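Dear colleague,

Please find the structure below, handed over for your review. My findings follow directly after it.

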Amino acid sequence: MEDVQETDSSVDEAQETDWTRYAQRIALAVYGTLTVLGVLEATSFDDSHLTLHVVILTVISTSLAIVLAHAWATVLSNRLVFGDQLTSASLLEELRFAASFFIPTVVAVIVFTLACVILPIDSSLLTAELALVLLLFALGVYGARRGGAGWPRALLIGLIDVCVGVLIVEIKELHTFFTH
């Protein structure tokens, strides 16, 4: 009987670990959304170098650097806490895991590029920022509904998530105001 209980608890722990990793992936996607919002806003202040390829390269290179930093920090922290040795497999696993960060990067690049077809570049940046804010809203509402919230509360939570995104943009605005 003891063996059955041990097996059940190890299955429960494995499922919990899977859900924990899933939640961490979603957190990275939200972190990516907030980061790309800040990058787009910061990019918008350099009018003299504001071109399609500069914006796209800035967003992609920033995201790539953060993904690499996250993967390496996770591998290092596992080594420090659990004594895990660095292997190419563990590094590749963390890079795949951290790739969730690229979801908002892809959204921003696609929306920005398509908007540039019909809008001026500064309006295209704003359009990409709005797409990311809408993504935050949708994630917030979906998460709240999944957690059992009714529609009014879910919409409020979505609006709170939007406010966090707007706060990131405003922080970049303040930075520019004080430094230019």
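Thr105 touches Val36, Val59, Ile60 and Ser63, leaving out residues up to four places away in sequence. The model is a predicted one, and in it Thr105 belongs to helix 4. Thr105 counts as buried because its relative accessibility is 3%, below the 20% limit for that class. Its side chain also makes a polar contact, at 2.6 Å, with the side chain of Ser63.

Helix 2 (residues 52–82) and helix 4 (residues 102–118) have axes that come within 10 Å of each other and cross at roughly 180 degrees. Helix 2 is therefore roughly antiparallel to helix 4, since an angle over 145 degrees is placed in that class. On the helix 2 side, the residues involved are Leu52, Val55, Ile56, Val59, Ile60, Ser63, Leu64 and Val67. Helix 4 contributes Phe102, Thr105, Val109, Phe112, Thr113 and Cys116. By type, the residues of this contact comprise eleven nonpolar, three polar and no charged.

Which residues have the most contacts inside the largest nonpolar core? They are Leu40, Val55 and Val59, in a core of 19 residues. Two or more residues of this core come from each of helix 1 (2–43), helix 2, helix 4, helix 5 (121–146) and helix 6 (151–179). As general background, nonpolar side chains tend to be buried together in soluble globular proteins. Val55 is in contact with Leu40, Thr43, Leu50, Phe112 and Leu125, leaving aside its neighbours within four places in sequence. There is also a second, separate core of five residues, among them Val67, Phe97, Ala98 and Phe101.

Thr87 is located in the loop between helix 2 and helix 3 (88–98). With 40% relative accessibility, Thr87 is likewise partly exposed. From Thr87 to Thr51 the C-alpha to C-alpha distance is 40 Å, with a separation of 36 residues in sequence.

Yours sincerely

Notes:
Residues numbered from 1 in each chain as written. Predicted model: local features only at pLDDT ≥ 70, side-chain atom pairs only at ≥ 80, totals over all residues. Heavy atoms only, no water. Axes fitted to C-alpha atoms, helices over the stretch in contact; angles between N-to-C directions. Helix = DSSP H or I, 4+ residues; strand = E, 2+ residues; numbered from the N terminus. Parallel < 35°, antiparallel > 145°, perpendicular 65-115°, else oblique. Contact = heavy atoms within 4.5 Å. Nonpolar A, V, L, I, M, F, W, Y, C, P; charged D, E, K, R; others polar. Core = buried A, V, L, I, M, F, W, Y, C linked by side-chain atoms within 4.5 Å. Buried < 20%, exposed > 50% of the residue type's maximum accessible area, 1.4 Å probe, protein only. Polar contact = N/O pair within 3.5 Å; in protein donor to acceptor, adjacent residues only side chain to side chain.
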